[in-house]
Amino acid sequence: MPNIFSKIIAKEIPAHFVYEDDYVVAFLDISQATKGHTLVVPKQEYTDIFEVPEELSAHLFKVVTLLSKAIKKAFNPQGLNILGNNGEAAGQTVFHFHLHIIPRYEKSEITFSLKNNMGSLSTEDYRERAKLIKAAL
Ligand code: 5GP
């Protein structure tokens, strides 16, 4: 069964589109977490970033950059978050890969709190983690 974003892309469900090309669309997130909150979505259905081909990511990020600049021009936010939730554990709720562009007008509008674990890690822990990532490339 097509997911909600595929239905939007197929124009079976309405959305406020701000961009479209052969590979990618962008439309306003229905929640409008902040004014101008936009989703950038590949037309092809990929569940999450783990399925996305790198060439498509390169194009998608180009569109994210273009739209970020347009949103800055349109609304003059003080900042902007680019967010991707991949997998339920990361907060993904629509399982069709997408990136959020969230313009920020005040720091207090949204709180992302990242725990800082540096106090409990040794240099060897960092070295080992970096080694595992590099080995997996
Ligand atoms: P996720 O949590 O998967 O990263 O984000 C999914 C986003 O899709 C949410 O921010 C939610 O507001 C948005 N969304 C869900 N359903 C619809 C819809 O029917 N139309 C639009 N425009 N956005 C939607």
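Is Asn 76 buried, partly exposed or exposed? Asn 76 is partly exposed, because its relative accessible area is 47%, and the classes run like this: buried is under 20% relative accessible area, exposed is over 50%, and partly exposed is in between, all with a 1.4 Å probe and protein chains only. This is a predicted model, so local features need pLDDT of at least 70 and side-chain atom pairs count only at pLDDT 80 or more, while totals for chains, interfaces and linings use all residues. Residues are numbered from 1 along each chain as its sequence is written, and side-chain values use heavy atoms, with hydrogens and water left out.

Let's start with the overall layout. The protein has 3 helices and 5 strands, where helices (H or I, at least four residues) and strands (E, at least two) are DSSP runs numbered from the N terminus. Going along the sequence, the pattern reads α-β-β-β-α-β-β-α. The C-alpha trace spans about 50 × 35 × 25 Å along its principal axes. Of the 137 residues in the protein, 33% are buried.

Now for the ligand. It sits in the largest pocket. A pocket is found on a 1 Å grid over the protein atoms alone, as an open set of points with protein on both sides within 12 Å along at least five of seven lines; a cavity, by contrast, is a set of points where a 1.4 Å probe fits but cannot get out, and lining residues have an atom within 4 Å of a point. A molecule sits in a cavity or pocket if more than half of its atoms lie within 2 Å of its grid points.

Who is around the ligand? There are 16 residues around it, and Asp 29, Asn 85, Thr 93, His 98 and His 100 come nearest; a residue is near a molecule if one of its heavy atoms lies within 4 Å of it. By type, the shell splits into 8 nonpolar, 7 polar and 1 charged.

A backbone N or O atom of Leu 28 lies 2.9 Å from a ligand nitrogen, an N or O atom in the Asp 29 side chain is 2.5 Å from a ligand oxygen, and a polar backbone atom of Ile 30 is 3.2 Å from a ligand nitrogen. On its own the ligand has 520 Å² of accessible area, and the protein covers 82% of it; such areas come from the Shrake-Rupley method with a 1.4 Å probe, and for residues only the protein chains shown count as cover. The elements giving two or more residues to the shell are α1 (4-9) and β2 (24-28), and α1 gives the most, with 3 residues.

Both of those elements are worth a visit. In β2 you'll find Leu 28, which is partly exposed because its relative accessible area is 30%. Its C-alpha is 7.0 Å from that of Ala 15, 13 residues apart in sequence. In α1 there is Ser 6, which counts as buried because its relative accessible area is 13%. The side chains of Ser 6 and Glu 45 are joined by a polar contact of 2.6 Å, that is, a pair of N or O atoms within 3.5 Å; within protein, one must be able to donate a hydrogen and the other to accept it, and residues adjacent in sequence count only if both atoms are side-chain atoms.

The loops come next. His 37 is in the loop between β2 and β3 (38-42), and at 3% relative accessibility His 37 is buried. Its side chain reaches the backbone nitrogen of Ala 33 at 3.1 Å. Gly 119, in the loop between β5 and α3, is exposed because its relative accessibility is 80%.

Most residues other than glycine have a negative phi. Asn 76 has a positive phi, near 50 degrees. Lys 11 has a positive phi too, near 65 degrees, and is found in the loop between α1 and β1 (17-20).

Note on methods:
Nonpolar A, V, L, I, M, F, W, Y, C, P; charged D, E, K, R; others polar.
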